[in-house]
Amino acid sequence: MAEEKTKVLIIGSGPAGYTAGIYTSRANLHPVIYEGPVPGGQLTQTTEIENFPGYPEGITGQAMMDDLRKQAARFGAELRADIISKVDFSKRPFRCEDDHGNVIIAETVIVSTGASARYLGISDEEKYRGLGVSACATCDGFFYRKQDVAVVGGGDTACEEALYLSTLARKVYLIVRKDYLRASKVMKKRVEERENIEILYNCNTKGLFGEDGVEGAHIVRHLGTDKEEDFDIAITGFFLAIGHKPATDLFRGQLELDNEGYIKVKGATSHTSVEGVFAAGDVADPRYRQAITAAGSGCRAALDAERFLMEH
Ligand code: NDP
């Protein structure tokens with residue numbers, strides 16, 4: 001198996017990883033980017049991106065990631081559609097191993113492995129993905145102006161997404177599996193007071209229906225009790241807001257993570273708990289999770305790595 005040395009190893013692609021690649025390659029650091037199981041990340045699975053500055057006509061997630069990839073390659077980043085499966089951050093330089101057993105000895109590592117939205121696990125989510133099912137109201141809400149939509153979840157994200165959608169859609173159903181919202185009091189109050197939001201407590205989604213896209217959802221109230229009741233709601237958009245899972249299994253025990261599994265960074269920097277390892281994008285961001293914020297944090301991680309290399 002091969003062994004190679006690099007100044008910068010970037011684990012994960014998407015806007016954070018590619019941006020870190022653009023910056024570090026322009027700084028002549030010859031980064032190696034392992035693009036991971038889904039090169040380009042989550043955005044390759046969305047449809048149109050209309051809120052990334054610089055694209056007045058919008059752009060598909062796939063096209064944007066292709067452009068970012070080309071931009072990183074243009075300045076000399078080495079891109080590999082492969083996976084890093086082992087890391088050892090206990091001493092520097094760091095020893096990392098890919099899926100084929102090749103060893104990379106890296107002076108710095110930028111982790112940008114992202115996070116993925118949790119789904120309910122019903123088959124209709126897959127069937128209607130991009131045809132009415134979405135896990136990002138900020139990304140896709142605009143397509144549902146003056147229509148009826150539903151948000152699933154009872155946490156702060158669900159409330160935030162429902163409130164956002166209520167400014168665009170005609171009506172928003174908030175489907176909550178318990179008889180209360182887990183969200184903070186202030187969010188709960190806002191949702192309850194918004195006229196065009198209807199909260200469906202004690203409700204679960206059994207399935208979706210529609211010819212060429214979502215036209216409605218089959219709901220069950222009081223599932224598994226003697227009060228169980230089935231009904232349908234007419235909606236064209238079905239938004240999941242039941243949490244995200246950061247892709248950090250590989251780093252457990254090596255980097256400090258928060259309770260949800262996100263990588264902890266120091267203040268407004270990309271420094272992790274290990275000197276020389278930096279984090280960028282959704283893997284360290286439970287809050288914003290936008291393409292533009294991920295790209296910005298990829299730039300920060302690149303500059304932090306560059307400075308670190310200069311100082312060491
Ligand atoms: P949370 O884990 O807080 O909430 C997830 C919600 O999804 C819960 O209501 C949960 O239900 C529900 N859920 C989970 N699985 C299912 C399922 N299979 N079917 C139906 N419902 C399900 O995640 P959030 O993304 O909302 O928040 C993550 C963190 O980020 C929190 O700490 C939150 O406070 C924070 N945050 C803060 C914001 C702010 O301050 N503005 C904005 C957004 C997030 P149940 O309650 O029954 O478990």
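At 48% relative accessibility, Lys 206 counts as partly exposed, where buried means under 20% relative accessible area, exposed over 50%, and partly exposed in between, with a 1.4 Å probe and protein chains only. The model is predicted, so local features need a pLDDT of at least 70 and side-chain atom pairs count only at pLDDT 80 or more, whereas totals for chains, interfaces and linings use all residues. Residues are numbered from 1 along each chain as its sequence is written, and side-chain values use heavy atoms, with hydrogens and water left out.

- Three strands form an open sheet in the order 14-15-16, with antiparallel pairing; strands (E, at least two residues) and helices (H or I, at least four) are DSSP runs numbered from the N terminus, and two strands pair if DSSP finds at least two bridges between them.
- The edges of this sheet are strand 14, covering 203-209, and strand 16, covering 229-233, each of which pairs on one side only.
- From one strand to the next, the twist averages 25°; axes here are lines fitted to C-alpha atoms, for helices over the stretch in contact, and angles run from 0 to 180 degrees between N-to-C directions.
- Strand 15, made of residues 216-221, pairs with strand 16 in the antiparallel sense over five bridges, and Val 220 has Asp 230 in strand 16 as its bridge partner.

**Salt bridges**

- The structure holds 16 salt bridges, a salt bridge being a side-chain nitrogen of Lys or Arg within 4 Å of a carboxyl oxygen of Asp or Glu.
- Lys 206 meets Asp 230 in one of them, at 3.1 Å from N to O; because Asp 230 lies in strand 16 and Lys 206 in strand 14, the pair ties together parts that are 24 residues apart in sequence.
- Salt bridges that share partners also join Glu 4, Glu 78 and Arg 80 into one network.
- Asp 66 forms a salt bridge with Arg 69, and the closest N and O atoms are 2.9 Å apart.
- Asp 66 and Arg 69 are three residues apart in helix 2 (residues 61-74), so they are separated by about one helical turn; Asp 66 itself is partly exposed, with a relative accessible area of 28%.
- In another salt bridge, the side chains of Glu 275 and Arg 92 meet at 3.9 Å, N to O.
- This pair links distant parts of the chain, 183 residues apart, since Glu 275 is in the loop between strand 18 and strand 19 while Arg 92 is in the loop between strand 6 (84-88) and strand 7 (94-98).
- Arg 92 is partly exposed, with a relative accessible area of 40%.

**Backbone details in the loops**

- Most residues other than glycine have a negative phi, and most peptide bonds are trans.
- A cis peptide bond, with omega of about -5°, joins Arg 92 to Pro 93, and Pro 93 is found in the loop between strand 6 and strand 7.
- Lys 146 is not a glycine, yet its phi is positive at about 60°; this residue has its place in the loop between helix 4 (137-140) and strand 11 (148-152), where Lys 146 is exposed, with a relative accessible area of 69%.
- Asn 202, again not a glycine, has a positive phi of about 55°; the loop between strand 13 (197-200) and strand 14 holds this residue, and at 21% relative accessibility Asn 202 counts as partly exposed.

- Helix 1 (residues 14-26) and helix 7 (residues 291-311) pack at an angle of about 35°, and their axes are 7 Å apart.
- Among the residues making this contact are Pro 15, Thr 19 and Tyr 23 of helix 1, together with Ala 291, Gly 298 and Leu 303 of helix 7, where contact means heavy atoms within 4.5 Å.
- Ser 25 lies in helix 1 and is buried, with a relative accessible area of 5%; leaving aside neighbours within four places in sequence, Ser 25 is in contact with Pro 31, Ala 72, Phe 75, Gly 76 and Ala 77.
- Ser 270 is in the loop between strand 18 (244-246) and strand 19 (277-279), and this residue is buried, with a relative accessible area of 2%.
- With neighbours within four places in sequence again left aside, the contacts of Ser 270 include Val 265, Phe 278, Arg 300 and Asp 304.
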